[in-house]
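Colleague: I would like to learn how to read a model like this one. Please take me through it feature by feature.

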Amino acid sequence: MSIATVDTAPLADADEPAPVLLTVKEAARCLRIGRTTCYALIRTGELESLTIGGLRRVPADAPAAYLARRRDEQRAA
């Protein structure tokens, strides 16, 4: 798994394409954090998300982008 992508293979069946959007629960699982913490990151704008209808979704590349920013911040500190 590279920093540019987060392994979403366990989230999809073998015959289905990789998801483009993740639920908050799936994004939290990718980041190995709790759902409440994931919502907090979304609320502060640290983790990109969008609303479709009444559903909150996280782009599949957003967890990796969040991790890359966090790594850059820690290296700069």
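Colleague: What covers the buried residues of H1?

Modeller: First, the terms. Helices (H or I, at least four residues) and strands (E, at least two) are DSSP runs, numbered from the N terminus. Buried means under 20% relative accessible area, exposed over 50%, and partly exposed in between, with a 1.4 Å probe and protein chains only. Contact means heavy atoms within 4.5 Å. Here, the cover over the buried residues of H1 includes E1, H2, strand E3 (55–59) and H3. This is a predicted model: local features need pLDDT of at least 70, side-chain atom pairs count only at pLDDT 80 or more, and totals for chains, interfaces and linings use all residues. Residues are numbered from 1 along each chain as its sequence is written, and side-chain values use heavy atoms, with hydrogens and water left out.

Colleague: Which residues of H1 are buried?

Modeller: They are Val24, Glu26, Ala27, Ala28, Cys30 and Leu31. That is 6 of the 8 residues of H1, so the helix is largely enclosed by the rest of the structure.

Colleague: How many helices and strands does the protein chain have, and in what order do the elements run?

Modeller: There are 3 helices and 3 strands. From the N terminus on, the order is β-α-α-β-β-α.

Colleague: Which residues have the most contacts inside the largest nonpolar core?

Modeller: A nonpolar core is a set of buried Ala, Val, Leu, Ile, Met, Phe, Trp, Tyr and Cys residues joined through side-chain atoms within 4.5 Å. The largest one here has 14 residues. Leu22, Ala27, Cys38, Ile42, Leu47, Val58 and Tyr66 have the most contacts inside it. Helix H1 (24–31), helix H2 (35–44) and helix H3 (62–76) each supply at least two residues of this core. H1 gives the largest share, 5 residues.

Colleague: Are Cys30 and Cys38 buried or exposed?

Modeller: Cys30 counts as buried at 14% relative accessibility. Cys38 is buried too, at 0%.

Colleague: Which residues form a nonpolar patch on the surface?

Modeller: Like charges are joined within 9 Å, and nonpolar side chains (Val, Leu, Ile, Met, Phe, Trp, Tyr) within 5 Å. Here the patch is Val20, Leu21, Leu50 and Ile52. Together they have about 320 Å² of accessible area, by the Shrake-Rupley method with a 1.4 Å probe, where for residues only the protein chains shown count as cover. Val20 lies in the segment before strand E1 (21–22) and counts as exposed at 65%.

Colleague: Where does Leu21 lie, and what is it in contact with?

Modeller: Leu21 lies in strand E1. Leu21 is partly exposed, at 31%. Leaving aside neighbours within four places in sequence, Leu21 is in contact with Glu26, Leu50, Ile52, Arg57, Val58, Pro59 and Ala60. Leu21 and Arg57 are 36 residues apart along the chain, yet their C-alpha atoms are separated by 5.9 Å.

Notes
Patch = residues over 30% accessible without salt bridge, like charges linked within 9 Å, V, L, I, M, F, W, Y side chains within 5 Å. Salt bridge = Lys/Arg side-chain N within 4 Å of Asp/Glu carboxyl O.
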